[in-house]
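Subject: Structure handover

Hello,

Here is the structure I promised to pass on. Please open it alongside this note; my findings follow below.

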Amino acid sequence: HGPFELRAFGAKGDGRADDTAAIQRAIDGCHAAGGGTVLATAGTYLSRPFELLSHVTLQLEAGATIKASPRLEDYPVEGKDASGESERAGLVTARNAERVAIVGRGTIDGNAMAFHDPSKAHDSGDFDRSLTRQGEAFMPKGVLYEHGPIAHGERPGNLLRFFDCKDVLVHGVTIQN
């Protein structure tokens, strides 16, 4: 059925307005209709976490970006599970879903730099550097390399999460940051 176009559900796609509710309404409507395609046309859809449901294909056209919120408080703490998953929600989650897909030529942008400080080096922690190929030269504490790794504080969970799902397809989309 559909397509269930995000703008028809109230999404602005301007990169400033919070489009989460519109994205979720489109997914919910598509699922309730028995499944189909939720379509993101060109634009930047700023979003907090949302849930992908069974029989729904999220299609991102060329020029469409779903950009993760830069606010840590938008990612609820869910608690750790046995897999060691982050305590915080990620951007897109599907649980016990079947025939779900994220396809197209668009982008899912995790907005990682909102949670990093490029002026500081990542604290590589205490570990036995003799077990690395480079030995003691591997990531000395406090050294900032031109290409990272850079410091980060607490951040959201994995960008895309599929728990106990069947028939999942992610194809063509760019996943960045």
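A residue counts as buried when its relative accessible area is under 20%. By that cut-off, 42% of the 177 residues in the protein are buried. Please keep in mind that this is a predicted model.

First, the overall picture. The protein has one helix and 15 strands. Its accessible surface is about 9600 Å². Carbon and sulfur atoms account for 49% of that surface. Take the contacts between residues at least 6 apart in sequence: 67% of them join residues at least 24 apart.

Next, the core. As a general point, nonpolar side chains in soluble globular proteins tend to be buried together. The largest nonpolar core here has 31 residues. V38 and L52 have the most contacts inside it. Two or more residues each come from α1 (20–32), β3 (36–40), β6 (56–60), β7, β8 and β9 (98–104). The largest share is from α1, with five residues.

L52 deserves a look on screen. Neighbours within four places in sequence aside, L52 is in contact with I27, L58, V92, T93, A94, A97, V100, A101, I102 and F162.

Now the helix. α1 has 13 residues. From first C-alpha to last, α1 reaches 18 Å, close to the 18 Å expected at 1.5 Å a residue. Its buried residues are T20, A22, I23, Q24, A26, I27 and C30. After α1 comes G34, with a positive phi near 100°.

Last, the aromatics. The structure holds two aromatic pairs. F4 and F9 form a tilted pair, 6.2 Å centre to centre, with 35° between the planes. F9 has a relative accessible area of 23%, so F9 is partly exposed.

Y75 and F115 form an edge-to-face pair, 6.3 Å centre to centre, with 80° between the planes. This pair links distant parts of the chain, 40 residues apart. Y75 is in the loop between β7 (64–68) and β8 (92–95). F115 is in the loop between β10 (107–109) and β11 (116–121). Both Y75 and F115 are buried.

Over to you.

Best wishes

Note on methods. Residues are numbered from 1 along each chain as its sequence is written. This is a predicted model: local features need pLDDT of at least 70, side-chain atom pairs count only at pLDDT 80 or more; totals for chains, interfaces and linings use all residues. Side-chain values use heavy atoms; hydrogens and water are left out. Rings of Phe, Tyr and Trp (its six-membered ring) pair if their centres lie within 6.5 Å; planes under 30 degrees apart count as stacked, over 60 as edge-to-face and the rest as tilted. Buried means under 20% relative accessible area, exposed over 50%, partly exposed in between (1.4 Å probe, protein chains only). Helices (H or I, at least four residues) and strands (E, at least two) are DSSP runs, numbered from the N terminus. Contact means heavy atoms within 4.5 Å. Accessible areas come from the Shrake-Rupley method with a 1.4 Å probe; for residues, only the protein chains shown count as cover. A nonpolar core is a set of buried Ala, Val, Leu, Ile, Met, Phe, Trp, Tyr and Cys residues joined through side-chain atoms within 4.5 Å. The expected span of a helix is 1.5 Å times one less than its number of residues.
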